[in-house]
Amino acid sequence: MSVTILGIFVADVAFRATRQPAMGETILGEDFRLGPGGKGSNQAVAAAMAGGRVTFLSTIGADDFGAIAKATWARAGVTPRVRELADTGTGAAYIFVSSQTGDNAIIVYPGAAGTITAADVEAEAAAIQGARVFMTQLEQPVAAALRGLQIARDAGVTTILNPAPAAVLPPEIYPLCDYLTPNESEAAALTGLPVTSLPEAQAAADALLALGVGVAVVTLGAEGVLLRGRGIDTHVPSFRVGAVVDTTGAGDAFNGGFATALAEGADPVAAARFGCAVAGISVTRSGTAPSMPTRAEVDALLKGA
């Protein structure tokens with residue numbers, strides 16, 4: 001069964017250092033990498049590497065970063081349905097990774113993908129309608145995400161919205177989401193409630209359900225994932241695979257794995273466990289898309305657990 005993902009590709013410009021510099025300060029870093037990124041693209045790679053048949057909808061520039069995008073999708077087995085613009089460059093993301101903890105801070109510039117419109121999404125309606133699962137995020141314009149979710153819902157396709165980065169959303173978007181997958185900070189931003197513990201995550205999930213979401217799937221980093229809604233109230237723990245090297249892209253790894261498992265017919269709790277396994281492996285490696293594990297690696301981890 002197939003997964004269609006609407007999102008953006010950007011080139012990740014990642015720096016590793018003990019801390020971020022203060023304004024006006026220059027510090028020496030410990031590592032630098034240029035590689036593929038963008039939440040939607042990362043999720044597409046994660047889903048495909050985990051065994052999904054994945055179509056990715058986006059817009060890139062006709063430039064060197066765009067070439068990185070196409071090579072990344074080809075390696076992972078992602079089918080791109082992507083416009084190329086000659087007059088607008090592919091986006092980029094600044095990523096700071098702490099060499100002490102592996103935690104990260106990110107600034108994203110969508111570039112060409114920032115021009116995606118609802119009409120562009122409508123032009124790819126067949127790719128959405130023919131999928132088992134449709135997933136999108138908020139790095140491209142919200143109007144495009146909303147239209148994708150509407151097309152999917154009208155076709156009976158399972159919908160996932162990863163509300164990242166957090167944004168003010170139109171109220172009509174929530175009932176279109178079979179699954180909403182915020183992290184702690186995004187859940188807090190969407191609900192106005194603190195999310196620093198499992199009980200607080202449950203309260204935020206209830207607030208999201210009240211807005212019309214089918215199942216709230218709140219990712220809690222090292223503490224795993226909370227699922228709440230439609231008769232489900234479950235905490236799925238994370239997988240501790242090895243030393244944490246880089247948490248960048250862990251949420252994308254989870255979402256890609258979650259979407260693939262749902263498309264294969266897994267129930268939501270089993271799909272979340274599968275997504276946690278994908279994320280658990282990814283954080284032991286550097287980078288975003290390059291850190292995504294193969295299906296064999298995920299199956300081996302789940303079997304061993």
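Buried here means under 20% relative accessible area, exposed means over 50%, and partly exposed is whatever falls in between, with a 1.4 Å probe and protein chains only. The structure is a predicted model, where local features need pLDDT of at least 70, side-chain atom pairs count only at pLDDT 80 or more, and totals for chains, interfaces and linings use all residues. Numbering starts from 1 along each chain as its sequence is written, and side-chain values rest on heavy atoms, with hydrogens and water left out.

First, the overall fold. Ten helices and 13 strands make up the secondary structure of the chain, taking DSSP runs of H or I with at least four residues as helices and runs of E with at least two as strands, numbered from the N terminus. The radius of gyration is 18 Å, close to the 19 Å that the globule rule gives for 305 residues, so the chain is as compact as a globular protein of that length. For that comparison the radius is taken over C-alpha atoms, and the rule is 2.2 Å times the number of residues to the power 0.38. The C-alpha trace spans about 50 × 45 × 40 Å along its principal axes.

Of the contacts (heavy atoms within 4.5 Å) with a separation of 6 or more, 66% come from residues 24 or more positions apart.

Now for the backbone. Most residues other than glycine have a negative phi, and most peptide bonds are trans. The peptide bond from Ala164 to Pro165, however, is cis, with omega near -5 degrees. Pro165 lies in the loop between strand S9 (158-161) and strand S10 (179-180). Arg230, a residue other than glycine, has a positive phi, near 55 degrees. This arginine is found in the loop between strand S12 (225-229) and strand S13 (232-236), and Arg230 counts as exposed at 55% relative accessibility.

Then there are the salt bridges, which require a side-chain nitrogen of Lys or Arg within 4 Å of a carboxyl oxygen of Asp or Glu. The count comes to 13. One of them joins Glu25 and Arg19 at 2.6 Å, N to O; Glu25 is partly exposed at 31% relative accessibility, and Arg19 is partly exposed at 40%.

Another pairs Arg153 with Asp178, with the closest N and O atoms 3.1 Å apart. Arg153 lies in helix H5 (residues 142-154) and Asp178 in the loop between S9 and S10, so this pair ties together parts that are 25 residues apart in sequence. Arg153 is partly exposed with a relative accessible area of 28%, whereas Asp178 is buried at 11% relative accessibility. Arg230 turns up again here: Arg153, Asp178 and Arg230 are linked in a network of salt bridges.

A further salt bridge connects Arg228 and Asp233, whose closest N and O atoms are 2.9 Å apart. Arg228 counts as buried at 17% relative accessibility, while Asp233 is partly exposed with a relative accessible area of 47%.
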